[in-house]
Amino acid sequence: MKNVLCNPEKFVRPEVRKLIPYEAKYMPECIKLDANENPFPWPKGMREELFSEKLMFNRYPDGMAQDLKRAIAMYTKIPVEGILTGNGSDELIQLILLTFGGLGKAVIIHPPTFGMYQISAHLTNTTVVAVPLVNGLNLNTEQMLKAALSPEAHVVIICNPNNPTGTLFPRAEILQLVRESGKIVVVDEAYAEFAEETLMPEIKNYPNLVILRTFSKSFGMAGLRLGYLLGQPETIALIDRVRPPYNVNVFSQQAGILALGYLSEYQVQIQCLKAETQKLYEGLTQIPDVVVYPTQTNFILFKPGDPDGWTAELLKRGFLVRNMGVLPILGKCLRVSAGLPEENNRFLQAVREIGTGVTRI
Ligand SMILES: Cc1ncc(COP(=O)(O)O)c(C=O)c1O
């Protein structure tokens with residue numbers, strides 16, 4: 001038999017060929033201030049409780065994640081039928097676009113915003129219609145509505161509060177889009193526990209409103225990949241059709257249930273992270289020639305004179321921040337998330353050094 005030389009590249013779908021993958025650095029040796037995680041250890045006792053559970057790793061998980069959904073229902077006051085759990089909210093973004101997007105359909109987003117919307121859109125062949133934020137910060141509701149009214153527009157995604165800007169958009173404007181667009185409006189509330197603002201109580205009024213939440217941020221479970229989607233039962237049932245049957249593993253389901261039993265402990269962490277974010281904000285505003293954007297989250301977007309130089313100098317001092325590249329209107333910016341109090345003190349010390357021109361080799 002003759003061996004045929006095969007180049008896998010020639011079979012790649014054009015959308016995948018064009019795709020710029022999401023870049024996530026893995027540098028555990030650094031002080032990680034780049035991914036908006038909760039840096040605190042889990043509440044006391046939670047880890048031991050999780051590891052003492054008799055979990056059946058030789059069996060598939062409950063594909064419907066019923067116990068987890070019951071726990072989420074108690075937390076969100078949304079009925080179980082209105083909840084869909086996912087392998088991180090990243091997976092749910094993809095499921096939404098697999099359900100409502102596709103060839104000839106469009107999703108409306110408001111750059112600068114979370115990068116995975118665009119990546120999922122490309123993978124599902126959904127056209128991206130970008131309506132940039134006014135001044136790089138505020139929702140252009142009028143233009144978004146106009147874009148949403150075109151027949152090919154099926155989905156509008158609003159990130160509230162927004163990553164990477166930290167901005168919380170006015171509730172009334174989002175609801176106007178929900179009411180007047182007549183399209184699926186996804187509100188990504190990944191950072192809602194920090195902003196203490198949610199549109200969850202509005203779900204009962206609108207079948208086209210779905211809300212994305214995650215355990216990765218305030219609940220400190222980024223490593224376990226657990227997110228959920230809330231909506232009216234009929235809308236959720238449509239998205240559930242495209243979900244892989246066992247998308248959330250046994251361990252993460254149990255961890256999610258446990259976490260929701262430690263709400264008061266998490267509340268202490270959240271309040272502390274908010275205070276730490278404020279400390280970082282005030283520290284950064286004192287550095288000459290740095291523009292710092294106000295935030296309602298656990299991270300801050302800021303713009304030093306030389307963002308690439310700053311990234312390198314911070315890295316030399318052991319700090320990993322997110323270099324956002326060139327953002328629409330705002331230009332080159334960096335994003336830093338609140339770390340542990342001591343880490344933040346050291347970070348501020350480092351930026352004071354860098355701000356006064358001290359470089360390291
Ligand atoms: C706005 C937003 N949505 C979703 C996600 C993804 O969350 P998950 O870890 O649940 O996939 C992130 C993570 O950075 C985010 O910032």
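Mentor: Let us begin with a term: a residue is buried if 20 or more other C-beta atoms lie within 10 Å of its own, exposed if 12 or fewer, and partly exposed in between, with C-beta atoms placed from the backbone. Ile329 has 12 other C-beta atoms within 10 Å, and therefore counts as exposed. Two remarks on the source belong here. The model is predicted, so local features need a pLDDT of at least 70 and side-chain atom pairs count only at pLDDT 80 or more, whereas totals for chains, interfaces and linings use all residues. Residues are numbered from 1 along each chain as its sequence is written.

Ile329 is found in the loop between strand 12 (322-327) and strand 13 (331-337). Helices (H or I, at least four residues) and strands (E, at least two) are DSSP runs numbered from the N terminus. The backbone of Ile329 deserves attention: its phi is positive, about 65°, although Ile329 is not a glycine. Most residues other than glycine have a negative phi, and most peptide bonds are trans.

Where else does a residue other than glycine have a positive phi, near 55°? That residue is Asn135, found in the loop between strand 4 (127-130) and helix 6 (141-148). Asn135 has 9 other C-beta atoms within 10 Å, so it is exposed.

A cis bond, with omega about 0°, joins Pro111 and Pro112, and Pro112 lies in the loop between strand 3 (106-109) and helix 5 (116-123). Another cis bond joins Asn163 and Pro164, with omega about 15°; Pro164 lies in the loop between strand 5 (153-159) and helix 7 (171-181).

A loop residue may also be buried. Pro304, in the loop between strand 10 and helix 12 (307-316), is buried, with 23 other C-beta atoms within 10 Å. Two residues are in contact if their C-beta atoms, placed from the backbone, lie within 7 Å. Leaving out residues up to four places away in sequence, Pro304 touches Asp289, Val290, Trp310 and Leu334.

We may now turn to the whole. The protein chain has 13 helices and 13 strands, and it is divided into domain 1 (8-41 + 264-355) and domain 2 (46-262); such bounds come from an automatic or database domain assignment. The centres of these two domains, taken over C-alpha atoms, are separated by 23 Å. Where they meet, 29 residues of domain 1 are in contact with 29 residues of domain 2. On the domain 1 side, the elements that give two or more residues are helix 1 (14-18), helix 11 (263-285), strand 10 (299-303) and strand 12. Helix 11 gives the most, with five residues.

That side of domain 1 comprises 17 nonpolar, six polar and six charged residues. In this count Ala, Val, Leu, Ile, Met, Phe, Trp, Tyr, Cys and Pro are nonpolar, Asp, Glu, Lys and Arg are charged, and the others, Gly among them, are polar.

The interior comes next. A nonpolar core is a set of buried Ala, Val, Leu, Ile, Met, Phe, Trp, Tyr and Cys residues joined through C-beta atoms within 7 Å. The largest such core has 90 residues, and Ile96 and Ile108 have the most contacts inside it. At least three residues of this core come from each of domain 1 and domain 2. Apart from neighbours within four places in sequence, Ile96 is in contact with Val155, Val186, Val210 and Ile239. In soluble globular proteins, nonpolar side chains tend to be buried together.

Finally, consider the overall dimensions. Buried residues make up 43% of the 361 residues in the chain. Along its principal axes, the C-alpha trace spans about 65 × 55 × 50 Å. The radius of gyration is taken over C-alpha atoms, and the globule rule is 2.2 Å times the number of residues to the power 0.38. With 361 residues, a compact globule would have a radius near 21 Å, and the chain has 21 Å, which agrees.
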